[in-house]
Amino acid sequence: MKKLIYSSLLIVSVALTACTKFLEMTPESEYSVAGAYKTQNDFQQAIAGVYSAQQGLYSSNASWFRGLISRSDEISTGATYMEGLDQFIENATNPWLSTSWNGYYRMIQLSNLILEKIDQGEFTDSKMRDYIKGEAHMFRAYSYWTLGTLFGGVPILDKSMSIEEVKKVKRGTQEETFAFAEAEYKKAIELLPADWAGANKGRATKYAAQGMLARLYMFRSKFDLAKPLLVEVINSDKYSLEATYSNAFNDGFDNGKERVWEVQFTGGQNGEGQAFTTGLLPEGFNDRTIMPFSGYSTAMRVSPALYESYEKGDLRRDLSILKGWVSMTGVKDTVSMFVKKYHPHTYVPKMQNDWANNIPILRYADVKLMYAEALNELGYEAGGEAFAALNEIRKRAGLPALTVTDLPTQAAFREALRKERKIELAFEGLRWLDLVRWNIAEETMNTFLAQPLEGGGIYSMKPHQKIFPLPFDELTRYADEQVLWQNPGY
């Protein structure tokens, strides 16, 4: 096993695990950082380690991904088992915060090491050097972008440092954090290939970087900057919608035409599968056509409000949500609702942590919806391209096209677009980010939390809760409020 630096910022040295769906690794060995990163194969293994770190943020029942889903109005209050994230009663000791912070800084530190050493490495393929550099920049961009959305400004570490050096890096602002991510995405775009072939399929591409940079710009309402990036992805002719919605999540279509960027998993009881999908259905679940084993007692419950938001005839509802179930003991529950959009499968998992289904970070459907939104925000055009992009998504869902009669104004189109994102991208970790960037999080969540089934007003979102508290253990390690301080309100 290759040893690389790992950091929660101040904790150094953890093992780098490798092997992914698209990288064949050499036999395990032990060597120090000083002796590593010499050959092309060394760097292939090193970048595989960053992909492996990314897996950890999505693969489990207590993952960063699950926590982000639970924060929105997609999931019923008190039914997420995420220690108050859904009820807006979280505090700095919530383990999800540390898991997220540590996981993203792990990717940053591993990427830093690669970028520091790669120019001195011995490569037989000079293009591969650029590609791996591009991947490292991509992961740094993705990590800082995510940390910025979660915590606001964070310490920006762009090189390997000792513990004492790290302690002197003052926390940046959210804008500084986003600016660093933006610059990193631009570097990735310059270096990454347009696509990968064969066993390398699934690695980050130029178009994935463009799409993710567009997402960053959309979050900051820079629609004029997002639009040309989205146009490049669309005009690449490398992506299109799957014929059916479920194929966008079935492992038989992993790295397919709708998957711009996704977290890679492989079944086969090889340690590269994921358990996130298992955790979406309850303990005692007994429908083997959906899942070949029982789920977990901590399964999240879908909110009735989301279920009722689907239009009549929308094919996505019953593909995404399971309403009612029968336990192994024959107990019938006709009320509870659970997420099942990640369960269509070709490979049948042998264990609860053996799902081969990749988890999407950026789907082509999102690219089209962002494009439609950017066009509308830059200037409503009756029956224009924005309508075509929106209706392409609706057509697959079995819904009629929306016309100028339905959406006669920019505001009307905006509202329809927002609803379409809510439905099309449900349970993909994007709803909360959308609510925040549209500046409607507090209003939306407090209306949701006031519903009788969601606490009847017992819980409420405060203005400062658009971002989360910094983890208590990180503040304790720094022990210097002039360098790292808690977010206001926590």
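R316 touches Y245, Y310, I393, A397, L399, E420, I423 and E424, leaving aside residues up to four places away in sequence; contact here means heavy atoms within 4.5 Å. Keep in mind that this is a predicted model, where local features need pLDDT of at least 70 and side-chain atom pairs count only at pLDDT 80 or more, while totals for chains, interfaces and linings use all residues. Residues are numbered from 1 along each chain as its sequence is written, and side-chain values use heavy atoms, with hydrogens and water left out.

- You'll find R316 in helix α10 (residues 315-320); helices are DSSP runs of H or I with at least four residues, strands are runs of E with at least two, and both are numbered from the N terminus.
- R316 is buried, with a relative accessible area of 2%, because buried means under 20% relative accessible area with a 1.4 Å probe and protein chains only.
- The side chains of R316 and E424 are joined by a polar contact of 2.8 Å (a pair of N or O atoms within 3.5 Å; within protein, one must be able to donate a hydrogen and the other to accept it, and residues adjacent in sequence count only if both atoms are side-chain atoms).

**Helix α7**

- Helix α7 covers residues 206-219, and its end C-alpha atoms are 20 Å apart, which agrees with the 20 Å that its 14 residues should span (the expected span is 1.5 Å times one less than the number of residues).
- Most of α7 is covered, with 13 of its 14 residues buried.
- After α7 comes S221, which has a positive phi, near 60°.

**Cavities**

- The count comes to five cavities of 30 Å³ or more (on a 1 Å grid over the protein atoms alone, a cavity is a set of points where a 1.4 Å probe fits but cannot get out, and lining residues have an atom within 4 Å of a point).
- The largest cavity has a volume of about 150 Å³, and of the 17 residues lining it, Y58, W64, R215, G429 and L433 are the closest to its centre.
- The largest share of the lining of the largest cavity, five residues, comes from α4.
- The second largest cavity has a volume of about 70 Å³, and its lining includes W145, R215, M218 and F219.
- α7, α11 (364-378) and α14 (431-437) each supply at least two residues of the lining of the second largest cavity.

Definitions and conventions: Buried means under 20% relative accessible area, exposed over 50%, partly exposed in between (1.4 Å probe, protein chains only). On a 1 Å grid over the protein atoms alone, a cavity is a set of points where a 1.4 Å probe fits but cannot get out, and a pocket is an open set with protein on both sides within 12 Å along at least five of seven lines; lining residues have an atom within 4 Å of a point. Grid points are joined across faces, edges and corners, and a volume is the space filled by probe spheres set on the points.
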